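Subject: Structure handover

Hello,

Please find the structure below. My notes on what was found in it follow directly after.

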Amino acid sequence: MKFSSIKTMPKNVVRDTLKSIERNNLMSAASVLSVIAALIILGIFLILTINVQEVTKDVESKLELKIFLQSDFTDTQKATIEQALEKSDLIEEVTFESAEEALEKFTVSLEDYAPLLSGYNSENNPMPASFVVRVTDPDDMDEVQTLAMSFEGQGVEYVRYGQEYVEALVSFNKFTNTLSIVVLVVLSMISIFIIYNTIKLTVFARRREIGIMKYVGATNAYIRAPFILEGTLLGLMGAIVAFLIIRITYYYILGLVGGNLFLPVDASLASPDAVMGQLIFFFLIYGGFIGAVGSVFAIRKFLDV
Amino acid sequence: MIEFKNVTKGYDKNKSDALKNVSLFIDKGEFVFLVGRSGAGKSTFIKLLLREIEATEGSVYINNFNVSKLSKKEIPFLRRKMGIVFQDFRLLENKSVYENVAYAMEIIGKSEKQIQKRVPLALDMVGLSHRMNHYPHELSGGEQQRVVIARAIINNPSILICDEPTGNLDPETSYEIISILEEINRRGTTVVVVTHDREIVDTMKKRVLTLEDGVLKVDDATGRYGYEV
């Protein structure tokens with residue numbers, strides 16, 4: 001019996017819902033606008049979070065650990081260290097960089113200021129020789145560092161990786177995640193409240209009809225359906241408009257910046273298309289969800305007849 | 001079948017109960033008037049039948065089901081066994097006569113085909129076939145009440161409950177309405193009419209239950225109005 005009543009519902013429900021949105025056009029518009037505003041703010045945070053995650057991942061994958069050797073290391077020491085590193089599962093690649101190579105690389109990286117280094121040659125080279133290690137998993141950096149440090153004084157001078165930098169990035173990542181969740185919760189409550197009020201108006205306008213439906217024996221699910229549909233539609237409308245606004249703006253800003261991130265590292269943003277894909281997916285679910293939740297709250301007390 | 005077993009209903013601890021230890025039995029196919037002054041407990045009686053409220057003590061049975069024991073989810077299905085006619089009609093103004101009656105079938109999930117077949121029959125039964133496409137505000141009070149009756153019987157309820165069905169109508173129209181109710185009763189539906197229209201009660205010579213201050217004072221099978229106005 002329940003199933004059959006749901007089956008014949010769509011035609012009447014859709015008709016009544018559209019009529020109701022039209023009748024309440026002002027409040028409906030206010031609800032859609034509030035969802036748009038909430039989602040635009042959320043969208044900004046979401047894009048930020050996705051990109052920070054992407055940059056962190058990118059930076060981490062490019063991260064190298066440098067094991068600087070003592071200036072007077074012996075070939076035996078070098079061989080022992082190299083062997084130990086190559087045996088470890090945590091390490092993907094080990095490259096030896098001699099002092100001469102290091103100086104050369106440094107000179108190249110200075111470009112215009114290279115003449116500053118012109119006084120140095122292989123006789124008085126200040127650069128230490130080193131092993132450049134790439135790890136399989138950035139999380140294992142610490143362990144590899146410990147491994148390398150076990151050779152301290154036996155050829156190893158010190159070990160360096162962008163520790164502070166990575167830590168800063170990871171904590172920034174955590175910060176944006178937390179911030180996004182806080183923003184999500186606060187804005188959700190506001191949007192749900194506004195949709196709740198809109199649907200309450202609709203429910204109030206149709207309270208006579210609800211009363212009649214109850215007396216004739218309509219189930220609560222049947223009575224609730226058009227209101228939930230209305231709230232969900234409002235939420236979805238807001239989601240779509242917000243998405244379009246964000247999409248246009250984001251591509252515009254990307255065009256202005258031209259991929260230049262002003263970041264002190266070589267890292268790329270997440271692909272805009274992928275970000276937008278995630279965004280529309282999240283927006284539709286979120287918009288529909290808060291619309292439905294607002295409606296459920298709004299109709300609850302009118303169902304108790 | 002309606003049965004009240006020692007039913008007491010109080011709304012407020014500080015006030016006297018709306019119904020006091022009421023026991024009664026209305027058999028299937030009966031036609032019964034329920035009379036009493038305002039505040040005698042008539043509305044409470046109807047609300048208990050519809051399970052809008054629950055009895056404080058005692059139990060209410062409809063077709064052998066203990067209404068007090070129904071879960072919230074089962075209430076709509078209880079109401080589908082009953083048709084309800086209100087004094088103030090309660091028609092949907094933005095729907096035509098046909099749509100108002102069809103609505104009661106839509107709600108419980110009847111197919112379009114069934115609806116198209118049954119609605120004209122019900123409207124014919126109350127003599128409103130020619131008004132099918134009119135809207136409630138275009139109809140007289142008597143006609144509106146007939147639409148309400150058509151809506152109440154469209155799903156073949158076993159019990160028809162009428163709350164002051166003639167309260168807003170002139171005497172002549174009232175008789176028309178009552179004779180429609182009588183016809184429905186003749187076809188096997190239990191009919192309970194709550195009223196204080198003395199003339200109608202006296203003319204009909206049906207069973208009369210009289211409530212006074214929440215107590216069932218008189219249960220007269222021959223149609224005597226149980227209190228002096």
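Predicted model: local features only at pLDDT ≥ 70, side-chain atom pairs only at ≥ 80, totals over all residues.

In the hairpin made by strand 4 and strand 5 of chain B, two residues lie between the strands, and Asn63(B) has a positive phi near 45°. Strands here are DSSP runs of E with at least two residues, helices are DSSP runs of H or I with at least four residues, and both are numbered from the N terminus. Strand 4 (residues 57-62) of chain B and strand 5 (residues 65-66) of chain B run antiparallel and are joined by two bridges. Two strands count as paired if DSSP finds at least two bridges between them.

Residues are numbered from 1 along each chain as its sequence is written, while chains are lettered from A and ligands numbered from 1 in the order in which they are written.

The sheet in chain B

Strand 4 of chain B also runs antiparallel to strand 1 (residues 2-9) of chain B, and five bridges join the two. Ile2(B) stands opposite Ile62(B) of strand 4. These strands belong to an open sheet of four strands in the order 2-1-4-5 (chain B), with antiparallel pairing. Strand 2 (19-26) and strand 5 of chain B are at the edges with a single partner strand each, so one side of each has no neighbour in the sheet. Helix 1 (residues 42-49) of chain B packs on this sheet and touches strand 1, strand 2 and strand 4 of chain B. The direction of helix 1 makes about 120° with that of strand 1 of chain B. Contact means that the C-beta atoms of two residues, placed from the backbone, lie within 7 Å. Angles run from 0 to 180 degrees between N-to-C directions, and axes are lines fitted to C-alpha atoms, for helices over the stretch in contact.

The sheet in chain A

Chain A has an open sheet of four strands in the order 2-3-1-4, with antiparallel pairing. Which strands stand at its edges? They are strand 2 (91-97) and strand 4 (156-161) of chain A; each has a single partner strand, so one side of each is left without a neighbour in the sheet. From one strand to the next, the twist averages 20°. Six bridges join strand 2 of chain A to strand 3 (residues 130-135) of chain A, and one bridge pair is Glu93(A) with Arg134(A). Helix 4 (residues 75-87) of chain A packs on this sheet, touching strand 1 (64-69), strand 2, strand 3 and strand 4 of chain A.

Buried parts

A residue is buried if 20 or more other C-beta atoms lie within 10 Å of its own, exposed if 12 or fewer, and partly exposed in between, with C-beta atoms placed from the backbone. Of the 229 residues in chain B, 43% are buried. Helix 3 (residues 97-107) of chain B is mostly covered, with ten of its eleven residues buried; among them are Val101(B) and Glu106(B). Gly109(B), which follows this helix, has a positive phi near 85°.

A nonpolar core is a set of buried Ala, Val, Leu, Ile, Met, Phe, Trp, Tyr and Cys residues joined through C-beta atoms within 7 Å. The largest one has 108 residues, and those touching the most other members include Leu34(B), Val101(B) and Ala150(B). Its largest share, twelve residues, comes from helix 9 (residues 220-257) of chain A. Another core, of 18 residues, lies apart from it and includes Leu65(A) and Phe131(A).

Ile40(A) is in helix 3 (residues 25-62) of chain A. Ile40(A) counts as partly exposed because it has 17 C-beta neighbours inside 10 Å. Ile40(A) and Ala242(A) are 202 residues apart in sequence, but 5.6 Å apart in space, C-alpha to C-alpha.

Confidence

The predictor's confidence in each residue is pLDDT, from 0 to 100. Chain A averages 81, and chain B has a mean of 91. Over residues 1-7 of chain A, pLDDT stays under 50. For the complex, the predictor gives an ipTM of 0.82 and a pTM of 0.68.

Regards
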